[in-house]
Amino acid sequence: MFNEYRKYITATDLQEFWYCPRFIYYMYVTKIRQYEEKRVKVQIGREVHKAKALEKDYLRKSVGVIRQEKEIYLSDESLGICGIIDEVLHLEDGSITTLEYKFAENKYKFRTQFYQAVYYSLLIDSNYKTNMTKCYFVYTRSGSKLVKYDIKPKHKEYILDCIKEFKKIAHEGFYPKRTKYQRQCLDCTYNKICDKY
C-alpha cells in the first residue's frame, strides 16, 4: 500500500487506474511489479516525448503565449496529488493552460489523455489561484497538429471522484471491479493472475 514516501498520487498513477482499477490493487496492495518497461508503446512514447520537448516555439505562438514554464513540478497537499507538467502556458487573455505532446494520431479525443490534462488543471488551479478551462495537445503522428479541448466543472468533479476511489484501493486495500473494456485485458501485465469478474 501507499506509505509515507508515496503520499501523493501522480498522473501516471491515475493513468494506470483508468486503464484498470485493479492495476492499482496489484501494484500497491500486493506489490507485484508490472514491468512496464517491456511495453513497446510506452517506450516509443517516452522517446518521442523527449525529442519533442526540444521543438521550436511556433505552436505556442499560435495560441497567444506570452510566457511558458517547462517541466514544472506542482503539488496539492489537501488533495494528495502531484505531477510534473510538460509546459504551463500563460496566455495573452490572462488565462493559464497546459501543452502536452502525444505520440498518437488526432483521430478522436483520447479519454485518458484528456483526463490527465484535467488532473493537471487541478494542480494549476491550486498553485496559480486560477480556473483552468482549456488544454492543448500536439499529436506527433498527425504532423504535430495542435488541438484544444475545453475543461468543464464536471470533468474536474470526475477527477476528484477518481482520486477518492484510488485512495480507497491503495490506502485501504479495497479490491475493485476490473475494467469494462475487456480488450485491454489482453495487453495487461496482470492478466494471468487477475480473476475474470
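Here are some friendly notes on the predicted model above, point by point.

1. First, the ground rules. Residues are numbered from 1 along each chain as its sequence is written, and side-chain values use heavy atoms, with hydrogens and water left out. As this is a predicted model, local features need pLDDT of at least 70 and side-chain atom pairs count only at pLDDT 80 or more, while totals for chains, interfaces and linings use all residues.

2. On the cysteines, the structure has zero disulfides (pairs of cysteine sulfur atoms within 2.5 Å). For Cys-185, the closest cysteine sulfur belongs to Cys-20 and lies 6.2 Å away, too far for a bond. Cys-185 is buried at 16% relative accessibility, and Cys-82 is buried at 8% (buried is under 20% relative accessible area, exposed over 50%, partly exposed in between, with a 1.4 Å probe and protein chains only).

3. There are five salt bridges (a side-chain nitrogen of Lys or Arg within 4 Å of a carboxyl oxygen of Asp or Glu). One of them joins Arg-22 and Asp-195, with the closest N and O atoms 2.9 Å apart. This pair links distant parts of the chain: Arg-22 sits in helix α2 (residues 21-29) and Asp-195 in the segment after α6, 173 residues apart. Helices (H or I, at least four residues) and strands (E, at least two) are DSSP runs, numbered from the N terminus. Arg-22 is buried at 3%, whereas Asp-195 is partly exposed at 23%.

4. Another bridge pairs Arg-67 with Glu-69 at 3.8 Å between the closest N and O atoms; Arg-67 is partly exposed at 44%, and Glu-69 is buried at 17%. Asp-150 and Lys-148 form a bridge at 3.7 Å, with Asp-150 partly exposed at 43% and Lys-148 partly exposed at 45%.

5. Leu-146 belongs to strand β5 (residues 145-150) and is partly exposed at 25%.

6. Do have a look at the second largest pocket, which holds about 270 Å³ of space. A pocket here is an open set of points on a 1 Å grid over the protein atoms alone, with protein on both sides within 12 Å along at least five of seven lines; lining residues have an atom within 4 Å of a point. The lining has 13 residues, with Pro-21, Arg-111, Tyr-158, Lys-180 and Tyr-181 nearest the centre. Helix α1 (11-19) and α6 (153-172) each supply at least two lining residues, and α1 gives the most, with three.

Terms used
1 Å grid on protein atoms, 1.4 Å probe; cavity = no way out; pocket = protein on both sides within 12 Å on 5 of 7 lines; lining within 4 Å. Points joined across faces, edges and corners; volume = space filled by probe spheres on them.
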